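I opened this entry to look up charged side-chain pairs. My notes follow the structure.

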Amino acid sequence: MTERRLDELTSWHADWTGLRVAVLGLSVTGFSVADTLTELGAEVLVLSESASEEYERLVPIIGAALEIGPLSDVPDALRAFGPEVVIASPGFPPSHPVIRWTQEAGIPLWGDVELAWRVRDKVVRPDGSPAEWVLITGTNGKTTTTQLTATLLVEGGLRAAPCGNIGIPVLDAVRDPAGFDVLVVELSSHQLWYLGQSAPEAELYPYSTVCLNLADDHLVWHGSARAYRDAKAIVYRNTRVACVYNKADAATREMVEEADVVDGARAIGFDLGIPGPSDFGIVEGILADRAFLDDRANSALELTTIADLERAGLSAPHVVQNILAASALARSLGVEPEAIARALSAFRMDAHRIQVIARHRGITWVDDSKATNPHAAASSLRAYPGAVWVVGGDLKGVDIAELVADVGSTARAAVVIGVERAEVVAAFARHAPAVPVFEVVTGDTGEVMNRVVEIATGIVDGEGTVLLAPAAASFDQFSSYADRGRRFAEAVQGWIDRGSAHDAGGSPEAH
């Protein structure tokens with residue numbers, strides 16, 4: 001009976017009354033799930049190991065039950081509740097005991113994105129249809145591309161909202177009474193794994209999709225590189241109009257080739273080279289569209305130029321790739337090239353994404369704290385060859401040796417931070433022994449970046465760049481990548497305020 005009922009729950013206007021749903025996790029995503037379900041009339045039990053005071057206060061107010069406590073084993077409260085559905089926040093990996101129990105018990109397992117798709121018709125467009133969905137994933141560049149795509153769509157006259165892994169729950173966007181023409185949904189590999197558990201009646205049918213790139217990341221969460229890759233590939237499933245892929249990354253092309261899509265969906269490639277028909281690329285410094293025009297074989301449409309992007313601070317190669325991908329998605333929805341050019345001239349990157357935070361006494365300081373894995377750090381190092389590289393943190397089970405072997409030798413020196421310093425130092429000793437390596441050994445979070453600046457200023461003599469591109473997560477020493485970047489900027493500003501050159505630490509000793 002339950003299974004038949006769930007098959008029918010594919011609309012906001014279906015009868016959700018009394019459905020017993022267990023919600024795992026109480027962060028912004030978990031709360032959006034609980035809030036939605038209680039509004040629909042479901043019976044909701046939220047389970048979380050911890051919660052902010054605000055959410056702990058709000059959950060009973062919205063009409064849900066709350067259990068705070070360890071989840072290392074299946075809580076008695078969950079067993080007694082007898083959930084008909086379990087909806088997990090993205091932080092719960094497949095190996096988690098409660099997730100394993102859910103699957104072994106045959107209880108349907110959803111993520112927040114599946115629930116959002118089921119109820120996407122709460123607010124509809126003038127023609128009565130819900131907003132189109134554009135899906136964006138990739139190891140790196142997801143957030144920037146999501147922001148870019150939404151910006152291009154809005155400039156093109158569409159009501160568009162970025163949501164998902166970017167920080168705004170999809171359910172909040174679906175329930176926004178203002179309504180949208182397009183939801184631009186950033187999806188992490190965790191969210192995509194949960195979509196892979198979806199029942200057939202709840203599978204997404206997105207308008208256009210992209211996987212920007214693929215490199216090892218989150219291997220502990222997924223269990224293997226293959227499982228991580230397979231999760232990312234889910235983004236292309238059932239695409240209706242355009243599967244955008246990275247021509248420079250064979251894995252993304254293979255994902256498109258293997259994807260089960262709607263008849264008529266097109267494969268649209270992008271890279272920094274000259275575009276072929278149905279591609280986006282660069283011709284003599286001009287970003288060009290050879291996909292969405294009638295005479296694709298013989299002509300192209302100009303979107304913007306590298307010179308214009310340089311003036312806007314958007315000319316780093318990996319940023320240009322993101323722009324090409326976003327432009328392809330926007331063009332698939334009919335946004336004109338002139339609108340794309342206008343939007344790009346005003347667009348600015350978020351903080352902590354290859355952000356120049358200061359130029360002083362010949363030193364350029366660059367904050368790319370968002371580079372939380374080797375693939376992202378490699379892009380930054382290629383944009384700033386010869387930089388003093390600030391690297392290290394929580395490696396998330398990823399071997400950094402390949403990164404050091406590929407591009408580490410281009411660094412002027414390495415300043416290693418984080419609790420897993422030994423692995424980073426060993427990688428340099430083996431693969432880039434000519435690069436001087438310096439360790440920040442303090443365990444005081446408040447002093448880490450002050451010591452980084454002290455060491456870096458002792459290395460740079462005259463003109464140079466110091467690049468924070470850790471290739472690792474921040475949680476070993478900082479509360480977030482933003483906290484790490486903010487502390488780096490504060491340490492740099494402190495050095496400037498103190499008189500800069502007079503406070504340099506001298507020439508430090510390397511390994």
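Which residue forms a salt bridge with Glu257, and how far apart are the closest N and O atoms? I found Arg253, with those atoms 3.5 Å apart. This is a predicted model, so I take the distances as computed from it. Both residues lie in helix 12, which covers residues 250-258. They are four residues apart, about one turn of the helix. Glu257 counts as exposed, at 59% relative accessibility. Arg253 counts as partly exposed, at 32%.

I then took one pair from it. Arg175 and Glu39 meet through their side chains in a salt bridge, 3.5 Å from N to O. Arg175 lies in helix 8 (residues 170-175) and Glu39 in helix 2 (residues 28-40), so this pair ties together parts 136 residues apart in sequence. I noted burial too. Arg175 counts as buried because its relative accessibility is 13%, under the 20% cut-off. Glu39 counts as partly exposed, at 45%.

My next pair was Glu132 and Arg240. Their side chains meet in a salt bridge at 2.8 Å, N to O. Glu132 lies in strand 6 (residues 132-137), while Arg240 sits in the loop between helix 11 (225-233) and strand 10 (242-246), so the pair ties together parts 108 residues apart in sequence. Glu132 is buried, with a relative accessible area of 15%. Arg240 is partly exposed, at 30%.

Last, I looked up the total. The search of the whole structure finds 23 salt bridges.

How values were computed. Residues are numbered from 1 along each chain as its sequence is written. This is a predicted model: local features need pLDDT of at least 70, side-chain atom pairs count only at pLDDT 80 or more; totals for chains, interfaces and linings use all residues. Side-chain values use heavy atoms; hydrogens and water are left out. A salt bridge is a side-chain nitrogen of Lys or Arg within 4 Å of a carboxyl oxygen of Asp or Glu. Helices (H or I, at least four residues) and strands (E, at least two) are DSSP runs, numbered from the N terminus. Buried means under 20% relative accessible area, exposed over 50%, partly exposed in between (1.4 Å probe, protein chains only).
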